[in-house]
Amino acid sequence: MSSSIVGVQQGESRTAPESLALLAAMSATLAACGGGGSGADAAAPLPAAFVNRDRAVSAPGLMRRPASPSAVETRLPSATELMDWAEQSYATFFPDSAADQALELYIYRHYPASGNYLGVAAGRVYVLGPVSGGQLLDVGSLADFAPRVFGEPRPVSAEDAVAARALMQVQFTARPAEIAAVKQRGFASWLAEQMEAPRSTSAVVWMAQNGYSNTSTLRKYTTLERPAVWMIWQQLWLVPDAVRARAALALSEYFVVSSLLASGMWVGQAMAAYWDLLMGNAFGSFRLLLEQLSLNAGMGRTLSILDSRAEDETGRRPDENYARELMQLFTIGLYELNIDGTERLDSQGRKIETFDNDDVSNLARVFTGYTYGGGLPKLPSDDPTMDREIVNPGFVTEPMQLYAFRHSNAEVNFLGTRISGKMEPRAKMGQALDVLFNHPNVGPFFARQMIQRLVTSNPSPAYVARIAKVFNSNGRGQRGDLKAVFSAIWLDAEARGQSSNPAGRLGKLSEPMLRIVQWGRTFARPESLQKYVGFEDAYGEQIPLRSPSVFNFYRPGFVPPGTALAPNGWVAPEFQIVHEASVSAYLNHLEPLLRLGFRRMLRHETFDATGRWVGSPTENVLADYDAELPLAGNPSALVHHLNRVMCAGRLAVAAQQIIIDAVASMPWPANPTEDQRRDRVAAALLLVMATPDYLVQT
Amino acid sequence: MTGTKLQELTRRAFLRRSGQLAASGVALPLSLSLASLGEAAAMQALDFKALVCVFMIGGNDHDNTVVAFDSSSYERYRAIRQAVALQASALQETALSPTVPLPGGRQYALNPALLPMARLFHQQRAAVLLNVGPLIAPTTRRQYEQRVALPPKLFSHNDQVMVWQSHRPEGSTVGWGGRIADLALDSNGQSLFSCISAAGTSVFLAGESALQYHVGSHGPIRIDAMKRPVYGSSRVSQALQVLATSAQDGVLHNEYNRVTTRAIAAETTLGAALASSNVQTSFPTTGLGDRMRTIARIIGAHQTLGLKRQIFMVQLGGSDLHSNLSSDHGRILREVGDAMSALYAATEELGLADKVTSFTASDFGRTLSVNGDGSDHGWGGHHFVVGGAVKGRTIYGVPPPVSVGDTSAADDQWHVGQGRLIPTTSTDQLASTLGRWFGAGESELAGILPNLHNFGIEAAGVTYPTNLGFMG
């Protein structure tokens, strides 16, 4: 397909009534005539004019337009379906959602804000109010409207779209109740309240509650990596403090600890403790987080702090892994930066390196001598095949502890600071972390990457500078206040879509793991959300807290080769895991997941050659689709709903029409079965989640 | 001369040199569009060649890969490496006896896990390249300390991966594998399959024109929902195809759909070609083994696909062994050696042994000194090149002294502390040697390898030939 499905048809505004302008003019002119009062309550009585239906003036042009030829419907819409459609398609006339009322033959709704009434009686549709000049208008029959009600794309209201877009930046979902809350409270105050929400269940506690810390018959969990994966999906899907979790997940892609790299005894507990650290400090202090991470056993394994020892006469040297990445990835980066994140240049126009290998070798001395913490008694195993005690999980969940005799007493000279070798080791670490924390690079370096994770791949330098300044001081002289930093990122004009930065407006590709989290939180049955593994065996897989290296799933400076981005120098980090194999694996993963839920299965076992599922329903990760199944008979309403909650209204009209038509073509007998309903919902959702308007968050 | 004309001329020169232009003079399209995917092979594959890069992500510990083995070097190695030193007794079977002994009585043995590699070496099908790494120009320790022109961001993983592959740090968009492939696009009927990654996105395979195609470890991945009805509906399947492949206004939107579009078309074409390309050679049942087998099958299908030149990239993680070197390094090397050995056997089966050359690469070498049970980030490192066209049973390059001292002694001028080797063979020299065999000309290589002009000289007693000679 060579022409754009978006560009060609988007301008057609197929959902706008031809007579809109005329009606708007009428409405303005006639407003003085009354016909509906401001402040009228929702249960306003039906005006007398409604009674004389035989005197209604026929006005077939008011809300009608030629139906889309592809959307042929035999069923008649109910009055409710028609009025829902009218509200969404003609929000100017019928603002805000009104409740159905019944009087005599009418089912009707009253819209106090516009003063209009909309009613259905005996198969015909009536309008009364300022929009009709105070005269009862017969705008057509239900049959006239059926093709549009069932087959026509409906716009997501601008207010809903703005609220949903904001929600998807600060958390994982934009469920209807959340959209309503943001609209009602205003985004800033809603956000402030969410950021105050207390931390929900600790992941370490969850592990224990679910038996993954048992030493007995479940001793297989002691080294199994899978509980770490179950744990993080469970957290991302179910914790109520979703804004905190969203920030913590972004932090997990910056301070990378990975269950692949932290494998070993009690890896699940180690990852749970790491996640708890991120959650606990997400809206706390960067400096404290840095210190706690430096003593975290998962970090100790990932970057081999564990068992790094002092240099000795045999030529042994302290392990440099953590010292290097602490500087390169977690704090200051490789080159000196301006406050706006651009690289500083020396008088000869060259970049200025922040550290050299001597700095690394020296800093490495600070992190020598640490080993597993806990100090807790070993636990007996009641597994008869176990002939020894098992180490207590506390040894990876407690901070690492110092073995002073393994600690280097050599003087440390790094970044122009001298730290005496004789200083108490923990104080030494504190001083070293202070030096890094106070380096002017940290603000812009950290700010830019958090913006990339949460808002856009290509923030303007001015945006980075605004956030870096908040990092440097929260307005009360405190440096590294993460609550202030995240809040500033989300409330910034550039995040709120009020930027003229053209690169920033490209948005970002949504992270594959976030799509799965969004699906689970929006549709799935909470109690079924267990033991999900994710894109197992897929390519370019993205399982949270399971990056293949400390460099995360993608680098902040990744420019996809051979694309239109490259000549402009635009980065698109998430494209580092976009390729022929991964885009295919993504769709192959969604197809059974959306319809059947998840279980560890070969997908060919559950779909026959016609794509009908033949397996039994799964026990894990089932979708309820409580709000969607009732819409299965109305593709227009279903797609409108999904566009609202999944895409913040970004789905192009042409794409909506394609999805509506495809869903409308699926079987829909007079008494549709549960399977037929689910087929339709899953199809609509699969198509939405495959569409670039969904995948790219602008 | 316009750029286009120049390009055209260089392409023709490339084809002529590699014996490809044939009498036909058929003008082959340069198109990278999918239109070219389905076209029939326009030229008989008289002369097929392929390069396979095996990239060990993390920085391979070269000192325990190619081990200093003459007694004086080994003793120094053992003294420095302590607990992670390999036992001499374990190295007997993999000791290398090159056709021409190294000067100064220097000897090497391979890690015991690399027994198949040692066998290929003695069959003259493999060679060792000592101390390879990125350089701007020949560099001494003194020059390093004076901060002469050095590759950017030395010792940093992500950047050195990029520098190895593209001569530029993170953010780079074009690599030398892709640039060499650019030259060969005309000779390939289906240019999308010129550069194939069997694991991960790498800049190595990205050219100015050449794109990299990602194949799954067992072959191209089919999108089920586009091959049959979805939830019983073929309309849904069709709609999926339209939504996921149509052109988009948004830049990111469009790039995403371009990838999906390529995935669908390529799976169809490659899947069909592979259906009739089976390789009997048994491959190890490892991740790398699976991917190598897929590469071998694609090579086996080159005639069906109309391909004359291919570059493959396969990556293997886990080499960043700051700790657990003793326990984990052998496993990784075994996976590499077994897979490369199986690939060689498969190319013999296909009658293409002298048409396929594989080689190892890594972020960097590591320190010779140890931090307990591992080593830290270094610079130069030792590598392998395997294939029937390789002048094997030879150790190329200069054996570095085994020393970690920070003194003015001659032995300490080869490293920059803790035995981090200053490369004595640059990646440009390696690339130019492979590229020349592949059919690229001098001027083209000079354009692709920005620092090549700094080599081809002798400096501080070391020669830096632009043709290392291992490809004849």
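Biologist: What is the mean pLDDT of chain B, and what share of its residues reach 70 or more?

Modeller: This is a predicted model, and chain B has a mean pLDDT of 87. In chain B, 90% of the residues reach 70 or more.

Biologist: Where in chain B does pLDDT stay under 50?

Modeller: Over residues 1–45 of chain B. For that stretch, the model has 67 contacts beyond four places in sequence.

Biologist: OK, and what does chain A average?

Modeller: Chain A averages a pLDDT of 86, and 84% of its residues score at least 70. Over residues 1–43 of chain A, the pLDDT is below 50. That stretch of chain A has 69 contacts in the model beyond near neighbours in sequence.

Biologist: What ipTM and pTM does the predictor give the complex?

Modeller: The complex gets an ipTM of 0.88 and a pTM of 0.83 from the predictor.

Biologist: Switching to chain A: what domains is it divided into?

Modeller: Chain A has domain 1 (14–150), domain 2 (158–192) and domain 3 (508–697). Where domains 2 and 3 of chain A touch, the contact takes 10 residues from each of them.

Biologist: Which helix gives the most to the domain 2 side?

Modeller: Helix α5 (residues 158–170) of chain A, with 5 residues. The domain 2 side of that contact divides into 6 nonpolar, 1 polar and 3 charged residues.

Biologist: One more. At what angle do α18 and α20 of chain A pack?

Modeller: About 55 degrees, with their axes 10 Å apart. That makes α18(A) oblique to α20(A). Here α18 covers residues 442–454 and α20 covers residues 482–491 of chain A. The crossing of α18(A) past α20(A) is right-handed.

Biologist: Which residues meet there?

Modeller: From α18(A), Ala447(A), Met450(A), Ile451(A) and Leu454(A) meet Val485(A), Ile489(A) and Trp490(A) in α20(A). By class, the contact of α18(A) with α20(A) has 7 nonpolar residues, no polar and no charged.

How values were computed: Residues numbered from 1 in each chain as written. Chains lettered and ligands numbered in written order. Predicted model: local features only at pLDDT ≥ 70, side-chain atom pairs only at ≥ 80, totals over all residues. Axes fitted to C-alpha atoms, helices over the stretch in contact; angles between N-to-C directions. Helix = DSSP H or I, 4+ residues; strand = E, 2+ residues; numbered from the N terminus. Parallel < 35°, antiparallel > 145°, perpendicular 65-115°, else oblique. Left-handed = near helix turned anticlockwise from the far one by under 90°. Contact = placed C-beta atoms within 7 Å. Nonpolar A, V, L, I, M, F, W, Y, C, P; charged D, E, K, R; others polar. Domains from an automatic or database assignment. pLDDT = per-residue confidence, 0-100.
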